[in-house]
Amino acid sequence: MSGAEREPITVEKSHKTVDGMVEGFPRKTAEVRRKHVLVRDACEVEQKIQANDRAIPGILTNRGCAYAGSKGVVMGPVKDILHITHGPVGCAYYTWGSRRNLARAEEGQDNFMPYSLSTDVKETDIVFGAEKKLASAIREAYSIFRPECIDVFCTCPIGLIGDDIESVCKKAEQDLRIKVIPVRCEGYRGVSQSAGHHIASNVLMEHLVGTEEPKECGPFDINVFGEYNIGGDYWVVKELLEKIGYHVVSSLTGDASFHDIAKAHRARLNILLCHRSINYTNRMMEEKYGIPWLKVNYLGVEDTIKTLRDMAAFFDDPVIAQKTEALIAEEMAKIQPAIDMYRRRLEGKRVMLLVGGSRAHHIKNMFETLGLQVVVAGYEFAHRDDYEGRKVIPEIVHTGRSKILEDIHYQRDPNVVSPFDDAEIQEKKKKIPRLMDYEGLLPHMKDGEVMIDDYSHHECERLVKELGIDLFCSGIKDKYVFQKMHVPSRQMHSYDYSGPYTGFEGFVNFARDIDMSVNSPTWKFIAPPWRS
């Protein structure tokens with residue numbers, strides 16, 4: 001059936017679908033899961049969703065662990081730190097190049113991204129302890145690579161046997177006279193990889209940010225937060241910003257050098273894309289150095305334009321404003337014909353979009369610009385504020401498991417002069433709603449569209465069948481399951497080895513890839529059983 005002939009998505013239909021979806025679970029499981037699924041209904045005064053809770057055993061969650069969040073997401077993309085996993089070799093292999101955090105060494109810099117180092121902890125190490133093995137591994141790694149900085153990530157067995165990695169790292173730091181950073185990120189420390197993001201953010205602040213000084217500071221110095229250079233995304237963003245006149249002190253952490261991160265405290269503004277992964281660092285830098293942050297999105301042309309204009313409004317400089325508008329006009333003139341062409345080919349198709357924390361919010365507008373409808377959207381490891389906005393943070397109840405994560409707070413550093421006083425920030429907030437704020441996914445959902453947290457395979461299968469999904473976008477764990485069901489699928493965590501998707505030309509790459517998936521002639525020869 002064409003999009004025009006299909007039954008439209010309504011609040012009543014979606015509620016019926018969701019109720020049927022959880023009927024297959026045991027009663028208690030169904031009660032829990034129903035709280036993690038929300039049907040958007042503008043007639044309801046206040047809608048809430050449960051999030052950041054432990055996954056139900058056996059439900060086939062798509063989540064990762066705290067180690068994956070620390071090493072695989074936040075710290076791993078720093079190219080000139082030599083990363084050592086202290087644990088079984090399988091843990092290190094799991095985070096080895098799986099996210100396509102591209103990096104290239106600049107003159108005089110190191111790039112250790114191609115390497116995966118592990119202490120390869122065995123059963124005998126579990127029994128007798130592995131501290132000596134770690135100390136030996138650090139010395140051996142240093143003798144081979146001669147890095148200026150090493151970090152050590154401990155996995156579940158190391159926390160269980162009680163290895164004191166802090167003392168081992170401190171001794172190695174004294175002996176080798178380089179930075180050796182312990183990262184206590186045992187996989188069990190949180191309900192998902194979100195815990196690892198929190199831990200890694202603490203490490204960045206405690207061991208790197210503010211430890212070096214730049215040669216000079218400029219009026220338009222910024223940090224690019226929550227950008228991990230998937231498929232080259234950061235390189236596109238950096239080029240756009242530099243064309244306008246901004247100077248990127250550091251990215252955090254795609255294609256980053258730890259030397260640049262060490263100087264990040266001298267920037268005048270932090271711009272934040274992936275809210276869930278590194279908003280902790282934004283908050284701590286605001287407290288300690290007085291640096292404001294701006295929630296941005298450069299995935300999709302409309303949001304890229306809004307981001308560039310918000311940044312220009314923040315700095316309130318006529319030259320920056322003029323260059324911003326000139327760049328927008330130039331780039332849109334180049335890509336508008338392609339957008340119109342792909343929209344004609346894709347309009348009316350239905351999408352299910354399930355990604356990591358806050359990325360669904362960023363990517364949803366890209367589909368809608370092309371005329372597709374995102375019927376279902378959700379996150380693997382989000383918190384309630386990722387769905388409902390920062391206004392709900394005071395009412396979030398922290399469980400015993402989340403309390404084991406250290407929430408570090410700072411007093412203002414007297415040696416660093418804040419670029420703006422509180423009165424200036426309040427004035428700027430009146431003009432720029434996204435300054436120091438984040439509205440979440442919910443306001444961007446339309447009536448009848450489904451929001452789902454910590455989705456499982458069973459739930460995805462039911463939603464795909466019942467809501468007539470034409471394109472399934474998720475992670476690698478379930479991509480091929482749905483292609484076997486004859487539904488086109490895109491792996492959005494790493495862009496299916498494509499990209500970049502950021503900025504103006506990146507949006508054309510995205511449109512091309514979606515068109516190739518949905519309109520491939522292959523799908524004409526097969527049909528899923530429920531459409532036969």
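Helix 18 (residues 457–467) lies across strand 10 (350–355), strand 11, strand 12 and strand 13 (471–474), running at about 165 degrees to strand 10. Contact here means heavy atoms within 4.5 Å. Helices (H or I, at least four residues) and strands (E, at least two) are DSSP runs numbered from the N terminus, and angles run from 0 to 180 degrees between N-to-C directions of axes fitted to C-alpha atoms, for helices over the stretch in contact. The model is predicted: local features need pLDDT of at least 70, side-chain atom pairs count only at pLDDT 80 or more, and totals for chains, interfaces and linings use all residues. Residues are numbered from 1 along each chain as its sequence is written, and side-chain values use heavy atoms, with hydrogens and water left out.

The strands under discussion belong to an open sheet of six, ordered 1-12-11-10-13-14, with mixed pairing; two strands pair if DSSP finds at least two bridges between them. Strand 1 (37–39) and strand 14 (489–491) are at the edges with a single partner strand each, so one side of each has no neighbour in the sheet. On average, neighbouring strands are turned by 15 degrees against each other, direction ignored.

Within the sheet, strand 11 (residues 373–379) pairs with strand 12 (residues 450–453) in the parallel sense over four bridges. Tyrosine 379 stands opposite aspartate 453 in strand 12. Helix 1 (residues 11–22) lies across strand 1 and strand 12, at about 160 degrees to strand 1.

Another pair of elements is helix 6 (residues 131–145) and helix 8 (residues 165–176), whose axes come within 10 Å and cross at roughly 30 degrees.
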